[in-house]
Amino acid sequence: MSSILHIETSTSVCSVAVSSDGACVFERTDRSGPNHAVQLGVFVDEALSFVDNRLLPLDAVAVSGGPGSYTGLRIGVSMAKGICYGRSLPLIAIPTLELMAVPLLLGEQIAEGERLCPMLDARRMEVYAAIYDRSLTPVREIGADVVDADTYLDYLEQGPVCFFGNGAEKCKTVITHPNARFIDGIEPLARWMFPLAERRLHEGRTEDVAYYVPFYLKDFVAKTPKKLL
């Protein structure tokens with residue numbers, strides 16, 4: 001097992017956690033609004049003090065990589081990179097929508113064969129969404145959707161789909177198919193990152209600290225020569 005510092009800033013919630021030996025051993029969360037620029041540094045300092053005072057061998061830093069708030073992701077990724085440079089640690093990026101499915105799977109709220117559709121609000125009737133099976137294998141990759149009754153009809157016709165996240169609430173009156181199920185209160189938090197982060201670390205799926213960018217910049221960076229970044 002490993003000890004990992006986790007940073008999640010993709011929504012208005014700011015959260016930091018430390019996992020060790022497969023359990024969350026430290027957590028700080030602020031839900032008072034988009035205060036990442038103020039709170040994140042404080043939370044990270046407390047987390048690193050916790051790690052150092054207990055002589056935990058910190059193995060990596062994990063950050064939620066989006067989609068989500070442009071400003072929040074930028075702040076979170078910048079902080080994660082700074083720690084990785086300062087402590088010579090690998091960087092792990094966790095897709096935010098994949099992260100959101102973890103509390104449902106750990107709580108055994110998903111039936112066999114049910115698909116998961118995490119949603120992040122993108123204003124009006126737009127959401128960022130993806131569809132996963134119970135093993136978190138993508139059935140449909142992350143996309144920006146304008147939601148109407150037919151947006152997910154192909155998947156709903158195949159079987160039950162669970163919708164959740166802060167983008168799902170506004171879709172309840174639009175997605176009325178009998179195979180649609182909605183779960184409230186699911187948000188991306190640092191405390192849920194550890195199963196995904198530990199697996200990626202074990203598999204060697206880490207990021208280039210110098211060139212990693214969050215979700216909203218990926219298309220731009222893919223088209224830009226590294227020498228210009």
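Student: In the hairpin of β6 and β7, which residue takes a positive phi?
Tutor: Arg-123 does, with a phi near 75°. The hairpin has four residues between its strands. Keep in mind that this is a predicted model: local features need pLDDT of at least 70, side-chain atom pairs count only at pLDDT 80 or more, and totals for chains, interfaces and linings use all residues. Residues are numbered from 1 along each chain as its sequence is written, and side-chain values use heavy atoms, with hydrogens and water left out.

Student: What makes β6 and β7 strands, and how do you know that they pair?
Tutor: Strands are DSSP runs of E, at least two residues, and helices are runs of H or I, at least four; both are numbered from the N terminus. Two strands pair if DSSP finds at least two bridges between them. Strands β6 (residues 115–121) and β7 (residues 126–132) share four bridges, so they pair, in the antiparallel sense. Leu-120 has Tyr-128 of β7 as its bridge partner.

Student: How does β6 run against β9?
Tutor: Parallel, again with four bridges. Pro-118 is bridged to Phe-164 in β9.

Student: What makes β8 and β10 edge strands?
Tutor: The open sheet has five strands, in the order β8-β7-β6-β9-β10, with mixed pairing. β8 (138–146) and β10 (180–183) each pair on one side only. Neighbouring strands are turned by 20° against each other on average, direction ignored.

Student: Why is β6 called mostly covered?
Tutor: Buried means under 20% relative accessible area, exposed over 50%, and partly exposed in between (1.4 Å probe, protein chains only). Five of the seven residues of β6 are buried.

Student: Which residues of α5 are buried, and what covers them?
Tutor: In α5 (residues 194–203), they are Phe-194, Leu-196, Ala-197, Glu-198 and Arg-200. The cover includes β1 (3–8), β4 (58–64) and α3 (96–106). Gly-204 follows α5, with a positive phi near 75°.

Student: Why is α3 called oblique to α5?
Tutor: Axes are lines fitted to C-alpha atoms, for helices over the stretch in contact, and angles run from 0 to 180 degrees between N-to-C directions. The two axes come within 9 Å and cross at roughly 120°. Angles under 35 degrees count as roughly parallel, over 145 as roughly antiparallel, 65 to 115 as roughly perpendicular, and the rest as oblique. Therefore α3 is oblique to α5.

Student: Which residues make that contact?
Tutor: Contact means heavy atoms within 4.5 Å. α3 gives Glu-98, Leu-99 and Val-102, and α5 gives Pro-195, Leu-196, Arg-199 and Arg-200. The contact of α3 with α5 divides into four nonpolar, no polar and three charged residues. Here Ala, Val, Leu, Ile, Met, Phe, Trp, Tyr, Cys and Pro count as nonpolar, Asp, Glu, Lys and Arg as charged, and the others, Gly among them, as polar.

Student: Why is Cys-84 too far from Cys-14 for a bond?
Tutor: A disulfide is a pair of cysteine sulfur atoms within 2.5 Å. The closest cysteine sulfur to that of Cys-84 is in Cys-14, 17 Å away, so it is too far for a bond. Cys-162 is in no disulfide either: the nearest cysteine sulfur, that of Cys-117, is 9.0 Å away. The whole structure holds zero disulfides.

Student: Are Cys-84 and Cys-162 buried or exposed?
Tutor: Cys-84 has 3% relative accessibility and counts as buried. Cys-162, at 0%, is buried.
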